[in-house]
Amino acid sequence: MAQTDNTKRNDQHKATLKAAHRKKHGRRHGTPHTTTLRRTLRREAPSTVGLLVDAQDFAAMRRYGTFPFDDHTVYLQQVEALLKALTAQGVHITVALFDPEDYEEFCAESGLDADTGASRSRFTAEIAAAGATVAYTGQGIDDLIPVLVSRAVRQATWEYATLLLADLGTCADCGQDIGRAAFDRASHLLMRLLETAGPGTHHLVCSVPTDNDQLLAVLHTHRDSTGPARLDSAEGAEFATVLAVAVALESRGGVVLRTSAPDSPDRVHGWRLAHGGLAPLTAGEVFNAYCTDADTGEPVSPESGVEYCAGFDIGAEPPENHH
């Protein structure tokens with residue numbers, strides 16, 4: 001009997017110890033409930049992947065011993081596999097352009113060792129907050145790269161144009177901020193252009209030569225038969241900023257508008273910047289501008305089903321104070 005009681009007490013003691021162990025260590029290692037909660041949090045925590053888009057950038061990163069890849073094609077395949085795996089887990093992903101030169105400068109300014117994965121991760125987080133990114137929606141890597149490069153070019157253009165406007169200072173006669181006045185004027189011109197263009201899908205291009213570069217801004221809008229034009233606010237601000245540079249510098253900037261509407265050929269119109277306004281081009285000037293290669297100056301065959309038309313009067317009053 002005594003042995004039986006001792007056996008029972010030992011069994012109870014072991015059961016108590018096991019229960020205490022499960023209670024104590026279950027919290028540490030994760031019960032099914034806590035594991036589910038962590039997985040839910042993981043799905044709701046966004047991820048950013050820095051992408052080396054071309055072979056030259058990839059080669060620049062190979063000088064770091066902790067960078068594990070030696071073949072750009074394999075690297076892109078692995079990045080695509082990672083993006084798909086994260087998406088399968090329900091994670092929202094943005095892809096950022098990883099520039100080796102910017103990375104090197106970032107590490108030098110921050111006092112970081114560039115040859116570590118932690119530094120690469122920190123830089124990726126920084127560019128995700130302030131740089132050009134694209135949301136990953138399952139597209140192939142070959143489709144993703146051109147979109148990412150285009151987004152980066154757009155942002156660089158906007159930043160450069162913004163700096164140009166900021167450096168213009170104030171007018172010596174009236175004390176007005178020249179850059180701000182030019183941006184307000186450009187925004188007004190853009191709104192008048194969209195209002196006058198009428199219904200349809202519109203594709204606008206603004207080209208502005210500067211001392212160091214050719215600034216280019218693109219804007220896509222759509223307008224129904226009723227209501228105002230619908231446009232992306234970021235694209236609109238970028239377009240107005242580049243147009244403002246032409247206004248402020250009185251450069252040879254120009255704007256081209258291509259309009260598509262159902263059951264009619266596409267129409268192309270054009271304007272040049274003149275005295276703070278948009279002066280319409282003739283149909284012949286629009287044809288020559290649209291059918292000439294900008295790099296070589298060689299003629300380009302006109303598109304079939306496209307009408308090359310004179311620019312129309314957008315009815316924008318002249319600026320009160322033109323600098």
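A hairpin of four residues links strand β4 to strand β5. Strands here are DSSP runs of E with at least two residues, helices are runs of H or I with at least four residues, and both are numbered from the N terminus. The model is predicted, so that local features need pLDDT of at least 70 and side-chain atom pairs count only at pLDDT 80 or more, whereas totals for chains, interfaces and linings use all residues. Residues are numbered from 1 along each chain as its sequence is written, and side-chain values use heavy atoms, with hydrogens and water left out.

Strand β4 spans residues 200–209 and β5 residues 214–223; the two pair in the antiparallel sense over ten bridges, where pairing requires at least two DSSP bridges between two strands. Gly-200 lies opposite Arg-223 of β5. Strand β5 is also joined to β6 (residues 230–231), by two bridges and in antiparallel orientation. In that pairing, Thr-221 is opposite Leu-231 of β6. The hairpin of β5 and β6 has six residues between the strands, and Gly-227 in this hairpin adopts a positive phi near 90 degrees.

Positive phi values also occur at residues other than glycine. Asp-263, with phi of about 60 degrees, is located in the loop between β7 (254–260) and β8 (266–274). Asp-263 is exposed, its relative accessible area being 84%; exposed denotes over 50% relative accessible area, buried under 20%, and partly exposed the range in between (1.4 Å probe, protein chains only). His-275 has phi near 55 degrees and is placed in the loop between β8 and β9 (277–280). His-275 is likewise exposed, at 71% relative accessibility.

Helix α5 (residues 100–110) and helix α6 (residues 117–130) have axes that come within 10 Å and cross at roughly 105 degrees. Axes are lines fitted to C-alpha atoms, for helices over the stretch in contact, with angles from 0 to 180 degrees between N-to-C directions. Helix α5 is therefore roughly perpendicular to α6, a class that covers 65 to 115 degrees; angles under 35 count as roughly parallel, over 145 as roughly antiparallel, and the rest as oblique. The contact (heavy atoms within 4.5 Å) involves Asp-102, Tyr-103, Phe-106 and Cys-107 of α5 together with Ser-119, Arg-120, Arg-122, Phe-123 and Glu-126 of α6. By class, four of these residues are nonpolar, one is polar and four are charged.

Helix α7 (residues 141–166) contains 26 residues. The buried residues of α7 include Ile-141, Leu-148, Thr-157 and Leu-165.

Terms used
Expected span 1.5 Å × (residues − 1). Nonpolar A, V, L, I, M, F, W, Y, C, P; charged D, E, K, R; others polar.
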